[in-house]
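Subject: Handing over the structure

Hello,

I am passing a structure on to you, together with some notes on what turned up in it. Please have a look at it first, then read on.

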Amino acid sequence: MGDPASSLHLTGLNTNQLEATSHFEGPLLVLAGAGSGKTRVLTARVCHLIQEFGISPEKILTVTFTNKAAGEMRERITKLLGSEPIGMWMGTFHAMGARLLRRHADRLGWDRSFSIFDSDQSLRLIKSVQEELGLDLKRWNPKAIRAEISNAKNRLEDDKTFQLETQSGSELFIRTVGQVFSAYQEALQAQDAFDFDDLLMKPVELLESHRDLLEHYRGRFSFILVDEYQDTNRAQFRFVELLARAHGNLMVVGDPDQSIYAWRGADVRNILDFETAFPSARVVPLEINYRSKELILSAANAVIGENVNRPKKILRASRKGGDKITLVETSNEKDEAQWIVSEIQDQIHSTQGLSICDCAVLYRTNAQARALEDAFLRARMPYQVVGGLRFYQRREIQDVLAYLRLISNPKDKTAFDRIVNYPRRGIGHTTRKHLTRWAVDQGVTMLEAAGRADEVPGIRTAGVRGLKQFADLMRRLSVRATQATIGEMLEGLVEDINLIKHLNNEGPDGEDRVRNVIELIAGTLDFDATLAQTIEPDEIDTFTELDLFLQEVALIADLDGLDPGSETVTLMTLHNAKGLEFSLVFIAGLEEGLFPLSRAYDEADALEEERRLFYVGITRAEDKLFMSWARQRRRAGDFTYGSLSSFVSAIPDKLLEYRKSNWLSPGPYSKPIAVQNRGYKISHEQDEAFDMNQDSPGFVLGERVIHQTFGSGAVIEISGFGRDMKVKVKFDDVGEKKLLLRYAGLEKDWP
DNA sequence: CCGGTGGGTTTTTTT
DNA sequence: AACCCACCGG
Ligand SMILES: Nc1ncnc2c1ncn2[C@@H]1O[C@H](COP(=O)(O)OP(=O)(O)OP(=O)(O)O)[C@@H](O)[C@H]1O
């Protein structure tokens with residue numbers, strides 16, 4: 001045992017926190033509310049295991065929600081211990097899965113330099129599979145199919161299981177998904193690729209089907225810790241269970257009230273039933289919130305108390321008092337954004353030591369960031385947006401990365417398809433068709449076929465030239481890849497294909513794109529695989545730097561880009577805010593229909609999840625919380641008229657301070673509302689929205705209707721009202737669909 | 001083969 | 001409003 005005086009990680013912990021931290025063997029559940037120190041305890045326990053119980057770091061596996069969280073935790077641990085926990089595996093489930101697969105993918109029939117497809121690439125592949133199967137993209141929404149496949153994988157159902165379970169009695173849509181699923185999975189394997197969900201599902205398959213590996217990793221990871229356990233799905237549970245079942249040294253930490261990912265397969269029962277799954281579990285509650293002022297916490301508790309479906313738990317504030325929560329009514333989203341910006345300015349001026357990096361603006365949908373950004377730009381206040389369109393998802397970045405992927409994995413047909421004609425090489429639809437057919441016949445990769453384009457029947461000379469040119473280029477790049485660093489390679493690539501010039505010729509957005517590409521190169525110049533923490537010292541030679549670079553890039557999450565030290569206000573969705581804390585928090589867009597989102601009205605579970613999201617938002621605030629809503633908001637082209645979110649009514653009046661924006665409470669210098677609003681055109685749809693009942697045909701349950709694409713069917717459910725009115729129709733051919741009445745263009749079907 | 005145009009669809013949250 | 005796709009003329 002270490003010297004107690006050196007046990008830095010224990011200082012300041014309360015009794016329960018200490019109990020959890022010093023727990024040694026056997027299952028441990030820390031189920032506690034927001035800001036009670038769950039993450040801190042988990043960090044401390046890792047230190048304790050190493051320092052007090054003498055556990056070697058390489059025996060420990062810690063799963064966090066983001067890579068960023070993993071990095072920060074590693075840093076904290078290093079500080080607390082005075083040395084780095086070398087050999088410890090720490091990261092997201094996806095990163096751990098990828099790491100495992102890098103080592104053993106060959107056992108499943110994949111090459112170890114497999115590609116990882118992000119959701120965009122999955123979608124592309126699904127579309128191309130659909131095309132091959134002759135499934136119309138309009139009628140069978142590829143995104144819906146992707147979601148269905150993704151959910152299945154998160155339930156650990158592979159294509160065969162899925163088909164078996166849905167073969168009989170299922171609607172046509174589901175059976176179609178099954179069909180696409182199989183072809184999609186086949187295509188993935190054919191090009192040595194895994195999608196995001198495979199990174200969770202395949203490791204389970206790997207461990208279940210290979211006893212020796214299971215034994216090995218069970219022995220290796222004698223202690224397993226999982227943060228944010230309330231948002232794990234079935235595949236993740238199984239992964240943990242496989243490794244931890246035998247020794248039971250599993251610590252999970254979470255808060256059922258912060259479960260906000262059920263929509264992507266997370267199952268809160270994982271944490272609720274933990275004691276059933278691991279009967280000998282010790283349970284430690286944490287009941288003191290150290291983050292938020294008492295007043296904020298009271299509001300949070302009142303809000304979450306409205307949820308029926310939850311285990312009650314205690315959460316008391318250690319920080320007494322606090323300012324009232326400011327609730328501000330604004331005229332529209334611009335007004336709201338301006339109000340927020342000027343309030344931040346006021347607060348910074350009036351509060352000693354407060355910096356703009358202590359401020360965060362949270363919202364329900366990414367689209368809301370636009371108006372906020374405008375306001376911040378105009379006020380010249382620095383800000384950073386987390387999420388939205390990611391850097392690595394931008395077209396020009398993906399184009400460049402596709403070149404790298406194809407070098408790393410020549411079978412990656414999705415990458416090939418993306419870049420074979422970018423920049424233009426005169427290769428079109430027909431050429432591709434011939435080439436694909438020939439490649440399949442000969443059993444060679446597309447790249448090899450391109451190199452032998454002159455042998456392929458049916459391709460015109462221009463096409464042959466283009467293909468050979470492309471194959472040559474790739475050959476040169478591959479040679480260079482063996483000698484140069486990634487940064488150097490990228491520089492060479494950009495030069496070889498004249499990318500900068502091409503982008504500049506593209507018009508107004510070109511300059512931005514050029515800047516992005518240059519930023520990418522700059523970022524790769526100092527990429528160091530050993531620092532990427534993805535390999536063990538003895539494996540360095542087994543993986544190429546390129547593979548690891550691509551892997552890291554594929555797994556980057558929105559939040560990983562967040563720079564907490566920089567002098568900026570942070571703008572992000574409520575989902576991204578989970579686990580973070582800020583002195584000042586603004587929750588924007590608190591309108592009925594936006595937050596909670598109108599789509600959540602139909603199901604009680606969905607509405608409760610929205611409410612938990614609100615709870616997460618409120619509990620991010622340390623000192624002061626602001627909430628705002630707008631009477632009028634532009635959403636996707638047309639106007640919506642909102643009222644204050646019903647969520648707010650759960651907060652006792654005495655905790656709130658009501659305010660109005662300048663536009664709404666005209667001071668001596670502000671213009672009257674009527675003048676301000678004149679800029680907005682009153683559209684026709686707006687009137688429609690107001691008297692939907694008169695303008696749109698009223699449908700009744702059981703009524704027969706006809707839809708342009710889906711054909712005829714019967715109305716089986718009606719929900720929502722006004723512009724949000726929805727009908728569920730059971731179509732004769734495509735099964736059940738929920739449609740937004742104002743888009744659907746349904747007609748009555750008179751017999 | 002390419003680029004422009006126009007029509008139709010979409011609106012949630014993310015590893 | 002923005003995006004994606006299909007179609008058409010050069
Ligand atoms: N015993 C303690 N004394 C003082 N401060 C503490 C104590 N325990 C935790 N804190 C502080 O409380 C804040 C919240 O801790 P932490 O993030 O670990 O909570 P959490 O339960 O993981 O929160 P959430 O569920 O909201 O993510 C942190 O700023 C942490 O430093």
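One term to begin with: a polar contact is a pair of N or O atoms within 3.5 Å; within protein, one must be able to donate a hydrogen and the other to accept it, and residues adjacent in sequence count only if both atoms are side-chain atoms. An oxygen atom of the ligand lies 3.2 Å from a polar backbone atom of serine 36. For glycine 35, a polar backbone atom is 3.0 Å from a ligand oxygen, and for arginine 40 a backbone N or O atom is 2.9 Å from one. On its own the ligand exposes 640 Å², and the protein buries 81% of that (Shrake-Rupley method, 1.4 Å probe).

This is a predicted model, in which local features need pLDDT of at least 70, side-chain atom pairs count only at pLDDT 80 or more, and totals for chains, interfaces and linings use all residues. Residues are numbered from 1 along each chain as its sequence is written, chains are lettered from A and ligands numbered from 1 in the order in which they are written, and side-chain values use heavy atoms, with hydrogens and water left out.

Best wishes
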